[in-house]
Protein chains: 2
Amino acid sequence: MASNNHFFEGAEKLLEVWFLRTEPGQNLRHIAREDWEEVLKTVRCQIISTIKNDSQDAYLLSESSMFVSDRRFILKTCGTTLLHNALPLMLELAKQKCGFHTVEDIFYSRKNFMRPELQHNMHRSFEEEVIILEKLFQDGAAYCLGRMNGDCWYLYTTNNPDSSKPGQAEPDQTLEILMMDREPEGMKLFPKISIDPAEIAKISGIADLEPGTLIDDFLFEPCGYSMNGLLPDGAYMNIHVTPEKDFSYASFETNVSKKSYADLVKRVLNVFKPGRFVMTLFANMESQMFSALEKGGSGDRAKLTSEVYPGDSTFEDKISDFQRQDWQASKFSNYYLTFCNYAKVKAKPS
Amino acid sequence: MASNNHFFEGAEKLLEVWFLRTEPGQNLRHIAREDWEEVLKTVRCQIISTIKNDSQDAYLLSESSMFVSDRRFILKTCGTTLLHNALPLMLELAKQKCGFHTVEDIFYSRKNFMRPELQHNMHRSFEEEVIILEKLFQDGAAYCLGRMNGDCWYLYTTNNPDSSKPGQAEPDQTLEILMMDREPEGMKLFPKISIDPAEIAKISGIADLEPGTLIDDFLFEPCGYSMNGLLPDGAYMNIHVTPEKDFSYASFETNVSKKSYADLVKRVLNVFKPGRFVMTLFANMESQMFSALEKGGSGDRAKLTSEVYPGDSTFEDKISDFQRQDWQASKFSNYYLTFCNYAKVKAKPS
């Protein structure tokens, strides 16, 4: 692809930071919108709109999403944004405005870029990104899940068994589905800027992914679609679509708590019809995914055998038109992670 | 460490290639020693001695080991050897002398080097190594297990679910233990070149790791120890020790079939007394590790719950003076892999 061709990097840089509460009333939501605007200016994106409920504030951005809850900060930005630039000011605001001095957990992750050479220096390679993170955080470990010579997914996260702590752990889980090579019929709906985003959410099936979701969505010109959702149970979701055929991409993310994600994953795949996708699922010990299970002699064993885990045949029976390419499970000090990678089963020559 | 300081890279480059038999009588052991010497010349190492049994020929090399069986080729070389140089000639010999035209499985792996800058270009980075492998093999996937900013282990292996085949799969498993930061008392035995290697094997406990092993070992000047072992059941093992305090390293590898490796791992750790170690365990579906298990509704599930797997509490109870840093499990088209990384529990300040 010549460098003067139109291109947009849909794959997001995703940051999630949990702060440790040391006094009652500490709350990231006390940080004013103007302050967040300053943070986002350094990243080179803006707030488009915002919704909120008892659990969190959801900001729809010109490049993806930001979610702010009491002690959790999520920033997800696509294109050539400078996500790492947000860190110093965000940490400073958390300290000055809310008294948060300690980071309990951090997750920085992204899929490998289609065109890393178009990124600014700080995000051109994961190694560069890690160097910046290591200056700001302790106990961080850097991983590459999946294929270094294919689809892979980078992760920097807290992982120090020495300092692992029950801390203030509350049930937490995050599912991400990063979809590529979307089928033309799956893309059709999104570039039509003439119609209402609400209509797109309805026609595409997005509105029905999780019943009762409060949706804030936006159609970009000339194409592109973003959506923040707040679920009745306090969970969030977000969807971002880059519809252009040559670099089609769609992402889905949620922290909704479920015993099994198979049906939700199936609904998402039905909306976006990818040719291939990467899926990641984080869960801590307190997550319903684990606590719902009968635990055997070894707690660890129960955790990895759960049928809710991608890679298990119970899960894969539900998405039988996809074939698993990779499956990896990781144990970190506070979280379990499953990474997997699926491709559409190729039609057999008749 | 200044570059003029004495340094030796103990971490080995490890290649294992399985050929697909298409005619009876095809056998890599028909390749003459002179031909192997030509292969090894390109790698920059020599044969020191050799032992054999019904299953295989074991060559002790000036830099590690080579094992040749009917359809499996293993080459393991340390230091600044050029392992990848062996590939074209080895593949050509397999074709010309044995009629092997198809590679069934390939594994190329190594730990991250302490000083990659001292390697020749082709082995300076894993990315470079993969480029060379991709020219020679199809369906290869490249992975990085463990921490990119700490101890990690690179793997290039066959992984194409489309072409995954029962093939000629026979039970197979490989355990590797790569040990660093060895305690002074664990290193004491190996630099004393005045004593007999057989005595070292006996005093150190190496001779007792697996009873009945035929041992071929060598003490290098001024220090360093290598050992090839042939087990009564047809399995191999090898041990390589770099004793220098500043870059101490020891590796253990075997394909011996066991229901549980916990006791063997414990014996190995007792001999070498590492401060930290990386362990990898490959096993295919036919391996005793899996077939010994009662299988539940999902075969996959039984496989990952096996108590023989490192990372399980049954395993970890046996090596309780070590703390797990990382645990990752991977499913490939023909093999299951567990990677883990342990460090000595730090003494609590009294």
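The legends below describe close-up views of a predicted model.

Residues are numbered from 1 along each chain as its sequence is written, and chains are lettered from A and ligands numbered from 1 in the order in which they are written. Local features need pLDDT of at least 70, side-chain atom pairs count only at pLDDT 80 or more, totals for chains, interfaces and linings use all residues, and side-chain values use heavy atoms, with hydrogens and water left out.

View 1. The model scores ipTM 0.92 and pTM 0.93.

**View 2. Salt bridges of chain A.** Over all chains, the structure holds 44 salt bridges, each a side-chain nitrogen of Lys or Arg within 4 Å of a carboxyl oxygen of Asp or Glu. The side chains of A:R267 and A:E210 form one at 2.9 Å, N to O. Because A:R267 lies in helix α6 (residues 262-272) and A:E210 in the loop between α5 (197-204) and β10 (214-219) of chain A, the pair ties together parts 57 residues apart in sequence. Helices (H or I, at least four residues) and strands (E, at least two) are DSSP runs, numbered from the N terminus. A:R267 counts as partly exposed at 30% relative accessibility, whereas A:E210 counts as buried at 9%. Buried means under 20% relative accessible area, exposed over 50%, and partly exposed in between (1.4 Å probe, protein chains only). A further salt bridge joins A:E316 and A:R324 at 2.8 Å, N to O, and both residues are buried.

View 3. In chain B, the closest N and O atoms of the salt bridge between B:D151 and B:K111 are 2.9 Å apart. B:D151 is in the loop between β7 (140-146) and β8 (152-158), and B:K111 is in strand β6 (residues 103-111), 40 residues apart. Both B:D151 and B:K111 are buried. In chain A, a network of salt bridges links A:K111, A:D151, A:D181 and A:R276. A:N112 counts as buried at 18% relative accessibility.

**View 4. Aromatic pairs.** The whole structure contains 26 aromatic pairs over all chains. Rings of Phe, Tyr and Trp (its six-membered ring) pair if their centres lie within 6.5 Å; planes under 30 degrees apart count as stacked, over 60 as edge-to-face and the rest as tilted. The pair A:F277 and A:Y342 is stacked, with ring centres 5.3 Å apart and planes at 15°. A:F277 belongs to strand β14 (residues 276-284) and A:Y342 to strand β16 (residues 335-344) of chain A, 65 residues apart. Both A:F277 and A:Y342 are buried. The rings of B:F107 and B:F282 are edge-to-face, with centres 5.0 Å apart and planes at 70°. Both B:F107 and B:F282 are buried.
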